[in-house]
Amino acid sequence: RPRRAAAWFGLLALLALALLASGAARWALASFGDFTASSADVRVELLDAGLRVLAEHPWRGIGIQRFEALSPTLERYPVHNASLQLAVEMGLPALAVYAAFVLRPLLGAVPAIVPARYAAAEQAAARQRLLALALAQGAMLVAIQGDPMAYSEFVLFVTALLEAARRAWQASRTEAAHGA
């Protein structure tokens, strides 16, 4: 609700000041101390190894969860990029299918971004749910680019929910068009 935005921003500013004054903000920032330059170096090393393996096996990959044996790190980490992980383990054709699977609902939600001028309340509610899930899907797709989450059920859950919301929004548009 835009008319309440100023009140919410004021409340957030007061909360931020309270966190800074109490020392809770400093504690929270200190708890993220494990994100170091060496962690970034390990991720770059894993990405480099993943790209080299992909160049050797672009069509069929090397098999699910088989990269750990080729991992250059002592801990035998998987590739810390979901797209590269999937391509390395299952090949570029599998990556294309996966990308189509997770991007189709997101691209199908694009028409809902521009609201209809005279939308019914049910259609507006369906549109709001669709937009919320589209943002969740977009955030998930960005987040998995730094983690080995190619096979994560969370990605599949958000994708399925977004597709269901997209279909509900499309149905509400069809009903509105036939009812008018």
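Colleague: What makes Phe-9, Leu-12, Leu-15 and Leu-19 a nonpolar patch on the surface?

Modeller: In this predicted model, Phe-9, Leu-12, Leu-15 and Leu-19 together have about 420 Å² of accessible area. A residue of such a patch must have over 30% relative accessible area. Leu-15 has 48%, so Leu-15 passes that cut-off.

Colleague: Why is Leu-15 called partly exposed?

Modeller: Buried means under 20% and exposed means over 50%. The value for Leu-15 is 48%, which lies in between, and therefore Leu-15 is called partly exposed.

Colleague: Where does Leu-15 lie, and how do you know that its helix is largely in the open?

Modeller: Leu-15 is in helix H1, which covers residues 5–22. Of the 18 residues of H1, the number buried is 0, and therefore the helix lies largely in the open.

Colleague: What span is expected for H1, and what span does the model give?

Modeller: At 1.5 Å a residue, 26 Å is expected for H1. From the first C-alpha to the last, the helix reaches 26 Å, close to that expectation. After H1 comes Gly-23, with a positive phi near 90°.

Colleague: How many aromatic pairs does the whole structure hold, and why is the pair of Phe-154 and Phe-157 called edge-to-face?

Modeller: The search finds 1 aromatic pair. The ring centres of Phe-154 and Phe-157 are 6.4 Å apart, and rings pair if their centres lie within 6.5 Å. Their planes stand at 85°; planes over 60 degrees apart count as edge-to-face, so this pair takes that name.

Colleague: What separates Phe-154 and Phe-157 along their helix?

Modeller: Both belong to helix H7, residues 153–179, and they are 3 residues apart, which means a separation of about one helical turn. An α-helix has 3.6 residues a turn, so residues three or four places apart point the same way. Phe-154 itself is partly exposed, because its relative accessible area of 47% falls between 20% and 50%.

Colleague: Why does Gln-137 count as buried?

Modeller: Gln-137, in helix H6 (residues 121–143), has 0% relative accessibility. Buried means under 20%, so Gln-137 counts as buried.

Colleague: What makes the approach of Gln-137 and Thr-159 a polar contact?

Modeller: Their side chains meet at 3.1 Å.

Colleague: What is the pattern of the whole protein?

Modeller: Along the sequence the pattern reads α-α-α-α-α-α-α, with 7 helices and 0 strands. Of its 180 residues, 27% count as buried.

How values were computed: Residues numbered from 1 in each chain as written. Predicted model: local features only at pLDDT ≥ 70, side-chain atom pairs only at ≥ 80, totals over all residues. Heavy atoms only, no water. Patch = residues over 30% accessible without salt bridge, like charges linked within 9 Å, V, L, I, M, F, W, Y side chains within 5 Å. Areas by Shrake-Rupley, 256 points an atom, 1.4 Å probe, with all protein chains shown as cover. Salt bridge = Lys/Arg side-chain N within 4 Å of Asp/Glu carboxyl O. Helix = DSSP H or I, 4+ residues; strand = E, 2+ residues; numbered from the N terminus. Buried < 20%, exposed > 50% of the residue type's maximum accessible area, 1.4 Å probe, protein only. Expected span 1.5 Å × (residues − 1). Phe/Tyr/Trp six-rings, centres within 6.5 Å; stacked < 30°, edge-to-face > 60°. Polar contact = N/O pair within 3.5 Å; in protein donor to acceptor, adjacent residues only side chain to side chain.
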